[in-house]
Amino acid sequence: MRGILWKWTNYWKGWQTRWFILEDGVLSYYLSLEEVSQGCKGSMKVSACEIIISQLDHTRMDLVIPGEKYIYLKASSSQERQQWLIALGSAKAHLCSKHICDQDNVPPDELKSKKSELKLYCDLLMQQVHQIKSFANMENGEPDVQKLVESSKTLEVTCDTFIHTLEDIMKLKYNCDTKSIILSCFQFVFQFITKSTITYSRQDSKDP
């Protein structure tokens with residue numbers, strides 16, 4: 001994923017736009033799209049950072065490596081922030097899953113970090129469900145079908161990331177895959193909800 005985000009620079013310059021690229025588990029930023037060829041101004045491994053979302057500013061998200069590095073970011077809208085959070089979360093979940101499988105002894109801080117991520121995705125799910133409800137119950141009485149379909153697809157991706165993170169927590173805590181059946185049930189329920197929402201919106205749009 002790539003695009004423009006606002007990055008906090010310092011108290012003198014404040015928030016400045018930067019061109020960001022998320023690739024191979026690394027988030028890099030440049031002064032602008034035109035200056036990508038000149039090299040990035042900074043980068044951060046997604047697997048090493050914590051993703052923190054602001055409850056007050058729905059466009060803000062912070063990437064933090066405790067005691068080492070902080071990147072404060074803002075998107076142009078809450079929807080754009082959700083897209084970046086999903087992309088970052090998916091990259092982080094994929095890399096961390098491979099890391100967990102390759103080690104026997106897991107540091108306690110890693111489990112704590114995963115639980116923090118799970119709460120983040122849970123908050124995102126609640127926001128997205130609320131958004132879908134608002135699109136289904138517009139003031140004019142007609143659902144916004146296009147936005148319903150788009151939001152449902154976003155919800156499905158968030159559900160997948162939530163499930164992967166939950167699976168990682170179970171592996172960290174129990175060091176086994178005995179909960180795979182429960183995870184499959186979660187996945188089935190989430191997919192059913194998403195498909196039902198899309199089906200409902202399509203059927204409703206055909207009604208006179």
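Colleague: Which residues does Leu88 touch, not counting residues up to four places away in sequence?

Modeller: A contact means heavy atoms within 4.5 Å. By that criterion, and leaving aside residues up to four places away in sequence, Leu88 touches Leu22, Leu27, Val46, Ile51, Met61 and Leu63. Please keep in mind that this is a predicted model, in which local features need pLDDT of at least 70 and side-chain atom pairs count only at pLDDT 80 or more, while totals for chains, interfaces and linings use all residues. Residues are numbered from 1 along each chain as its sequence is written, and side-chain values use heavy atoms, with hydrogens and water left out.

Colleague: How many helices and strands does the protein chain have, and how do the elements run from the N terminus on?

Modeller: Both kinds of element are DSSP runs numbered from the N terminus, helices being H or I over at least four residues and strands being E over at least two. The protein chain has 4 helices and 7 strands, and their order from the N terminus is β-β-β-β-β-β-β-α-α-α-α.

Colleague: How many residues does the largest nonpolar core have, and which elements give two or more residues to this core?

Modeller: A nonpolar core is a set of buried Ala, Val, Leu, Ile, Met, Phe, Trp, Tyr and Cys residues joined through side-chain atoms within 4.5 Å, where buried means under 20% relative accessible area, exposed means over 50%, and partly exposed lies in between (1.4 Å probe, protein chains only). The largest such core has 38 residues, and those with the most contacts inside it are Leu22, Leu27, Leu63, Leu73 and Leu88. Two or more residues come from each of β2 (14-23), β3 (26-30), β5 (50-53), β6 (60-65), β7 (69-74), α1 (78-101), α2 (108-136) and α3, with α2 giving the most, 9 residues. At least three residues of this core come from each of domain 1 (2-99) and domain 2 (108-201), the bounds being those of an automatic or database domain assignment.

Colleague: Is Phe20 buried or exposed, and which residues does Phe20 touch?

Modeller: Phe20, in strand β2, counts as buried at 0% relative accessibility. Not counting residues up to four places away in sequence, its contacts include Met1, Leu5, Leu27, Leu73 and Trp84. Phe20 and Leu5 are 15 residues apart in sequence, and their C-alpha atoms are 6.8 Å apart in space.

Colleague: Where is Asp24 found, and is Asp24 buried or exposed?

Modeller: Asp24 is found in the loop between β2 and β3 and is exposed, with a relative accessible area of 75%. Its phi is positive, about 55 degrees, although Asp24 is not a glycine.
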